[in-house]
Amino acid sequence: MYFEKILIFMPINFKITIKDIAKALGVSVSTVSRALHNNHDISDSTIELVQSYAREHKYVPNSLALGLKNQRSRIVGVIIPELANNFFSTILSGMELAAERLGYYLIVCQSMEDYEKEIFNVKTLLNAHVCGVMVSIAKTTKKFDHFKEFIYNDIPVVFFDRICPEIDASKVVVDDYAGTFSAVEYMIKTGCKKIAFFHAPLNLEISKNRKNGFFDALIKNEIPINENFIRIADTKQLGYQNAFDLLQQAEHPDGFMCMNDYTAIGVLLATKNLEINVPEDVSIFGFSNSEASQNTDPMLSTVNQHPLKIGEQAMNLLIDKIGKNEHAPKNKIIKTSLVLRETTRNQKN
């Protein structure tokens, strides 16, 4: 059994409860509840006493509890692979900003990149009677039936970043193809001729799109594709291990296009341990423009995915669906931009 850590983003004044009011006034919880709803079975003096106390102490109804009772709420569920990942935490910040503006709250579940845990996340949010869900799938997820439970229960779903192609739902995606294509072509134009590509498992659409962008940039610029340079490596450790191996071979890369910044940091560490000069001898490109990319020496060139915008757009799409009979999916594509720092050479005019 999983013990779920759920983050609920509520207003900061969400403190006093009906039980607190009942204890302070020396009445029952049911009396407080009925008084707050102007029930005629409660005397006017008691109603005034309870409501005055509630106003004075800034009582706010518990939207989660109301949702469980009434089978509806203003609670939105979010499933993300990992909160510790700066990319996803920034997306979450964008969602929270939009939710606060629109009067909704968030329940956040983490799959921790585990398919079984993701199934548990779905059950958790169904039991919480959320009014909508935003999902970025785990990299181990290859079956999607659990997400169909939301559809069967008439709960709108928006997929973001890592999407589910088999479910007809709204999506917010990054232009992964164009971001990778632009980064690889930049390295080619600055002199790289033997570029390695470290990607995530290809069951993820983002991996497929980035791999296509990588191939097309090489083909356009008539650069040979070396299959030995294309490897599954989407963590710092795998980036280090694979780069360390490749850089010691007779034919070794002079550039690395990485799935994310952490993989790129692993590659950078391998070059340091092998005393290879960056970017003079090897160029390195990350993906996501995380905080970590600015803390390396040299600082990492990367592709900015604009995660805050992803979160805001996903929340806006979801709220647009909640309470409406029209369920036609909408797709939003977030354009990327290159962030050129010190792990790539300057392009000559």
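Q: In which helix is Lys211 found?
A: In this predicted model, Lys211 belongs to helix α9, which spans residues 205-220.

Q: Is Lys211 buried or exposed, and which side chain of opposite charge is nearest?
A: A salt bridge requires a side-chain nitrogen of Lys or Arg within 4 Å of a carboxyl oxygen of Asp or Glu. Lys211 is buried but has no salt bridge; Glu227, the nearest side chain of opposite charge, is 5.7 Å away. Setting aside residues up to four places away in sequence, Lys211 touches Phe197, Leu202 and Ile230.

Q: What is the strand order of the open sheet of 4 strands?
A: The order is β8-β7-β9-β10, and the pairing is parallel. At the edges are β8 (230-232) and β10 (283-285), each of which pairs on one side only. On average, neighbouring strands of this sheet are turned by 15° against each other, direction ignored. Strand β9 (residues 255-258) is joined to β10 by 3 bridges, and Phe256 stands opposite Ile284 in β10.

Q: Which helix lies across β7, β9 and β10?
A: Helix α8 (residues 176-189) does so, running at about 170° to β9.

Q: How many residues has the largest nonpolar core?
A: In soluble globular proteins, nonpolar side chains tend to be buried together. Here the largest nonpolar core has 28 residues, and those with the most contacts inside it include Leu125, Val130 and Phe150. Among the elements giving two or more residues to this core are β2 (75-80), α6 (115-127) and α7 (145-152). A second, separate core has 27 residues, including Val158 and Ile334.

Q: With which residues is Leu125 in contact, leaving aside neighbours within four places in sequence?
A: The contacts of Leu125 include Val78, Ile107, Val130 and Phe150.

Conventions
Residues are numbered from 1 along each chain as its sequence is written. This is a predicted model: local features need pLDDT of at least 70, side-chain atom pairs count only at pLDDT 80 or more; totals for chains, interfaces and linings use all residues. Side-chain values use heavy atoms; hydrogens and water are left out. A nonpolar core is a set of buried Ala, Val, Leu, Ile, Met, Phe, Trp, Tyr and Cys residues joined through side-chain atoms within 4.5 Å. Buried means under 20% relative accessible area, exposed over 50%, partly exposed in between (1.4 Å probe, protein chains only). Contact means heavy atoms within 4.5 Å. Lys and Arg count as positive and Asp and Glu as negative; His and the chain ends are not counted. Two strands pair if DSSP finds at least two bridges between them. Axes are lines fitted to C-alpha atoms, for helices over the stretch in contact, and angles run from 0 to 180 degrees between N-to-C directions.
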